[in-house]
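Please open the model in your viewer and keep the sequence beside it, so that each selection can be followed in both places.

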Amino acid sequence: MKRLDEMEFTEISNIYKNFTKDILTISLFDKISKDYEEKYLKFMKFIDDGYKLKGGTLGRGELKYSRNIIYGWFLEKIILEIISQNSMIRNIDFSGDDGNHNFFINKDGKIEIMGVKSTIPDFLIEFHDVKKLLIELKSAARELFTIKKGNVKSLSKSAAFEKIPTSIIMIDLVNGTFEIKNLKYFINLQPFVNHAMEGQLCYDFPRPTKNIKDLISEDFYQYVDDDIFDFEIVKKYLVLAKSSLNKPKKGKAQELKKYTTIINKKIRVEELDEELILSQEDYINKISKIKTQYPDVEKSWNELDKKLDSLLEFQR
């Protein structure tokens, strides 16, 4: 399958329609598809007219960047409609401003996308009791199932600031399957330097094996792990949330501001320490592979020069 950002809207719509044909009614799917096709065409018109995106496109260009966003919105709406049929939950909705799914030309003449900078997970599920669950939606069309470490950081931060456990749904668009993991899955998992994603730190994610239609009967309650707040992956953001969201005592505003900065810097130092260690390990592994395959690279330049003398008929 081609990359999603290389596909026209009709191609994407056919892929989505294929794995939802036994789950959503044709009329509902067509209504959703028409809505996002209109957004797509409006966006393409903006691009054709020479408008640029506010904040840039991370080097991907207006077309590919906007396709990724709109196709992601389209999928979010489909998955929301599917999960809303699950009788074990009371309600599911977009969280924060994630459901805006719109854009406009701002006063600076740039295309501004509503909600694109949000770090809050895509969905909020409310159960029949007081429990809640935040869900982040991810998808893959090329059978590469990885999660950026930065995404796990954002989910951990959301869990701490919202006081709600968070999970990830991974959708395999090729096979119409899904897998769900909550933050506990990542606690003892080692990230790796992913050269397929510009060297970013990533986690491997399990290959999705459950059919999309099983989202209607999935027990989402099992992913509500309140004890995640006792693990450092979230606990450090609980400390940050406490310093950021509460009012200081009288005369302590400046000192609180200072310590909020210190907490942020401590989190960043820990991240950089981990990145440094993993980068070193990555380079050590690269060197080891070369030496294993070509052990003679260990020889000195003099030794290699003498070896060449024995191989050359004459020298220039």
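Two strands pair if DSSP finds at least two bridges between them, and the helices (H or I, at least four residues) and strands (E, at least two) named on this tour are DSSP runs, numbered from the N terminus. This is a predicted model, in which local features need pLDDT of at least 70 and side-chain atom pairs count only at pLDDT 80 or more, while totals for chains, interfaces and linings use all residues. Residues are numbered from 1 along each chain as its sequence is written, and side-chain values use heavy atoms, with hydrogens and water left out.

Begin by selecting residues 166-172, which make up strand S8. Of its 7 residues, 7 are buried, where buried means under 20% relative accessible area with a 1.4 Å probe and protein chains only. In a regular strand the side chains alternate between the two faces of the sheet. In S8, Thr-166, Ile-168, Met-170 and Asp-172 point one way, and Ser-167, Ile-169 and Ile-171 point the other way.

Strand S6 (residues 132-140) runs parallel to S8 and is joined to it by 7 bridges, and you can find Ile-135 opposite Ser-167. Strand S9 (residues 177-182) runs antiparallel to S8, with 6 bridges between them, and Ile-180 in S9 is the bridge partner of Ile-169. S8 and S9 form a hairpin with 4 residues between them, and in the turn Gly-176 has a positive phi of about 65°.

Next, select strands S7, S11 and S10, which form an open antiparallel sheet in the order S7-S11-S10. Strand S7 (146-148) and strand S10 (192-194) stand at the edges with a single partner strand each, so one side of each has no neighbour in the sheet. S7 is joined to S11 by 3 bridges, and Thr-146 stands opposite Asp-204 in S11.

Then look for the second largest pocket, which holds about 550 Å³ of space. Which residues lie nearest its centre? They are Lys-149, Tyr-203, Ile-233, Lys-236 and Glu-274, among the 24 residues of the lining.

Finish at Thr-260, which you will find in helix H6 (residues 253-293). Thr-260 counts as buried because its relative accessibility is 15%. Leaving aside neighbours within four places in sequence, Thr-260 is in contact (heavy atoms within 4.5 Å) with Leu-240, Ser-243 and Ser-244.

Definitions and conventions. Buried < 20%, exposed > 50% of the residue type's maximum accessible area, 1.4 Å probe, protein only. 1 Å grid on protein atoms, 1.4 Å probe; cavity = no way out; pocket = protein on both sides within 12 Å on 5 of 7 lines; lining within 4 Å. Points joined across faces, edges and corners; volume = space filled by probe spheres on them.
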